[in-house]
Amino acid sequence: MIARIRNIWRIDPFSLRVRLTIGIAAVSALGLGSFAVWTTWQMQQILIGSHKRHVEDIAGRLPRDAEIYSEMFLVATGVQKAIDNLTASQTFLWVNFSDGTNQAKSTNFNSTDATAIALLSLRQIPVNPQVYAIDNRYFVMCARTLRINGNSLGQLFVAQDISDEQTMFLAVVQGLGVTSLLILIAITGAIALYIQRSLQPLMQINQLAAKVSAADLGQAKLQCDRAPTEVRELARTYNMMLERLAAAWEQQEQFVSNVSHELRTPLTIVHGYLQSVLRRETNLTTTQRDALETAASEADRTIRLLQDLLDLARADSGHLHFHIEPIVLNALVAEVTGMARQYSNREIAIEANDEIIVLADRHRLKQVLLNLIDNAVKYSDFSLPITLKLDQLEQARIQVCDRGVGIPLQQQARIFERFYRVDESRSTSGYGLGLSIVKTLVDGMGGCVTVSSRLGEGSVFTITLPIAA
């Protein structure tokens with residue numbers, strides 16, 4: 001379960017799941033971000049726009065009020081009364097007269113306040129209202145030329161304090177940003193889970209393809225009833241492909257079995273006649289005898305190849321039967337070793353302590369050991385010995401050790417495949433079936449065969465078999 005969870009959440013930047021998640025999340029982020037920016041801009045326009053209109057209204061009204069008051073009082077007094085009339089708690093007005101001798105201002109100015117001092121010191125402010133930040137406070141401000149009765153008296157300044165509204169607006173923007181981020185994270189997680197579930201049928205296809213073998217081609221089926229239409233079509237095509245492969249594999253097995261069976265009988269007869277002729281030594285010249293020995297050797301090799309192919313075909317079809325019985329492993333290994341010494345003329349040693357009794361097929365186990373010894377003979381120097389080691393733990397173990405050329409690490413996983421040969425250029429006679437036969441027979445007897453090897457140091461083939469109770 002833990003491994004499955006790790007596999008689900010493993011991040012592969014090149015996988016379809018990650019690409020789809022990133023793509024959809026990026027589009028969602030772009031849309032959500034655009035909406036948040038547009039909403040912020042609209043809120044800003046609504047907030048600032050109302051204050052700008054208010055400031056413009058005051059800037060337009062004050063000269064008219066000042067003209068009215070100027071008819072009853074002095075001009076400077078009329079301007080001050082107009083300012084006092086339009087002054088509010090968050091609105092500041094002041095006039096810098098052209099002669100520079102006087103300045104009219106709102107009564108809410110605090111002469112000791114740094115912000116007020118900064119406002120009164122301003123000289124260059126645009127006609128259209130703009131937002132200014134002064135001492136961590138925000139103001140909408142504009143300036144106009146104050147004209148009364150056609151005469152220019154100076155510069156009129158209007159400022160609206162919007163610090164509270166701006167602070168609230170920034171808090172709202174910050175909250176909107178955090179909310180948008182959380183929503184984006186939630187959307188990304190939901191998208192990832194949805195894509196994971198949507199791609200589950202494809203993962204099932206991948207898992208089935210990884211597990212399917214020649215033995216279960218006919219039974220392997222993919223069920224994707226609730227998958228999207230495209231995936232169901234892919235699964236249907238995949239199942240049809242498996243059916244075609246199963247039919248082709250069955251035809252191949254039948255062909256190999258028929259050919260092997262039909263050719264073995266005539267070749268056996270030919271081999272028998274060749275051996276019969278070879279026994280008449282007095283009637284043969286040296287050249288004739290060499291030719292007949294070569295023909296007999298090739299016929300014998302072809303018969304063994306056909307027998308291997310026939311065994312593999314029977315194993316594939318389930319018709320390769322085993323006669324499992326208790327066997328004294330030490331005696332059987334000694335018998336096989338003696339046979340191998342005769343045909344190879346090589347030094348073959350046995351290392352064993354206690355007597356070991358295994359459950360196996362005597363004939364098939366002999367065939368396995370002869371194949372492994374023959375493999376060791378082919379790929380090791382004539383002067384180097386071959387060793388068979390026997391021991392017993394939970395299972396019986398047979399090790400066939402040589403000091404030959406060794407097998408590259410990247411090829412050790414494939415040497416039990418049919419027709420696979422490590423190096424065609426250095427390989428001796430053979431078709432790459434020997435080790436495949438070994439694995440098929442050992443598996444059929446309930447055992448296991450493995451290999452460990454190093455280049456230049458040799459190889460060790462290990463067979464484990466069940467022990468008789």
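**Close-up views of a helix pair and a sheet**

**View 1. Helix α9 passes helix α10 in a right-handed crossing.** The model shown here is predicted. On the α9 side, the contact is formed by L329, L332, V333, E335, V336, M339, A340, Y343 and S344, and on the α10 side by R362, L365, K366, L369, L370, I373, D374 and V377. Sorted by class, this contact of α9 with α10 comprises twelve nonpolar, one polar and four charged residues. Helix α9 spans residues 329–344 and helix α10 spans residues 362–378; their axes come within 10 Å and cross at roughly 45 degrees. The two helices are therefore oblique to each other.

**View 2. Five strands form an open sheet with antiparallel pairing.** The order of the strands is β2-β1-β5-β4-β3. At the edges stand β2 (103–105) and β3 (130–134); each has a single partner strand, so one side of each lacks a neighbour in the sheet. From one strand to the next, the twist averages 25 degrees.

**View 3. Strands β3 and β4 pair in the antiparallel sense.** Five bridges join β3 to β4, the strand of residues 137–148. A133 has Y138 in β4 as its bridge partner.

Key. Residues are numbered from 1 along each chain as its sequence is written. This is a predicted model: local features need pLDDT of at least 70, side-chain atom pairs count only at pLDDT 80 or more; totals for chains, interfaces and linings use all residues. Side-chain values use heavy atoms; hydrogens and water are left out. Axes are lines fitted to C-alpha atoms, for helices over the stretch in contact, and angles run from 0 to 180 degrees between N-to-C directions. Helices (H or I, at least four residues) and strands (E, at least two) are DSSP runs, numbered from the N terminus. Angles under 35 degrees count as roughly parallel, over 145 as roughly antiparallel, 65 to 115 as roughly perpendicular and the rest as oblique. A crossing is left-handed if the near helix is turned anticlockwise from the far one by less than a right angle, and right-handed if clockwise. Contact means heavy atoms within 4.5 Å. Ala, Val, Leu, Ile, Met, Phe, Trp, Tyr, Cys and Pro count as nonpolar, Asp, Glu, Lys and Arg as charged, and the others, Gly among them, as polar. Two strands pair if DSSP finds at least two bridges between them.
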